[in-house]
Amino acid sequence: MTYYFTKTLDMPFDAAVAHVTEALAAKGFGVLTTIDVKATMKKKLDVDFKPYTILGACNPKLAFSALQAEDKIGTMLPCNVIVTENAPGKVEVAAVDPVASMSAIHNPSLGETAGKVRQMLSDVVESL
């Protein structure tokens, strides 16, 4: 089992970040956090890194359901989606598979919620 869904887009990096954010919103996900890994690596380690952004996506209704099923599941929230430029104009988008990341937790109610989130994130990536 892989732990993510991925797709490569032919567009500039900044346009891809905006496109992914819009696609997430269309499926009911908000972006709670945006981490610019390239800028962080430069600031903290003084190293150059490729454009790489982590979007912390959350569907409030499903997050609430997960928290009701398993109160420590917050350690795995939000769902991360990465946008990274592998070559000029070639941007990879990858989203976590919540079923894979939560497979060690044996809670059928949580598994049902994770399955819903998996389908929604898979749909987002596929729609890009």
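Reader: Is Arg 118 buried, exposed or partly exposed, and what is its relative accessible area?

Author: Arg 118 is partly exposed, because its relative accessible area is 28%; buried means under 20%, exposed over 50%, and partly exposed in between (1.4 Å probe, protein chains only). A word on the basis: this is a predicted model, where local features need pLDDT of at least 70, side-chain atom pairs count only at pLDDT 80 or more, and totals for chains, interfaces and linings use all residues. Residues are numbered from 1 along each chain as its sequence is written, and side-chain values use heavy atoms, with hydrogens and water left out.

Reader: Which residue forms a salt bridge with Arg 118?

Author: Side chains of opposite charge can pair when their charged atoms come close. Here a salt bridge is a side-chain nitrogen of Lys or Arg within 4 Å of a carboxyl oxygen of Asp or Glu. Arg 118 pairs with Asp 97, the closest N and O atoms lying 2.9 Å apart. Asp 97 counts as buried, at 3% relative accessibility.

Reader: How many salt bridges does the structure hold?

Author: Seven. One of them joins the side chains of Asp 10 and Lys 90 (2.5 Å, N to O). Asp 10 is exposed at 59% relative accessibility, while Lys 90 is partly exposed at 39%.

Reader: Which residues are linked in a network of salt bridges?

Author: Lys 42, Asp 46 and Asp 48 are. Lys 42 is partly exposed at 38%, and Asp 48 is exposed at 67%.
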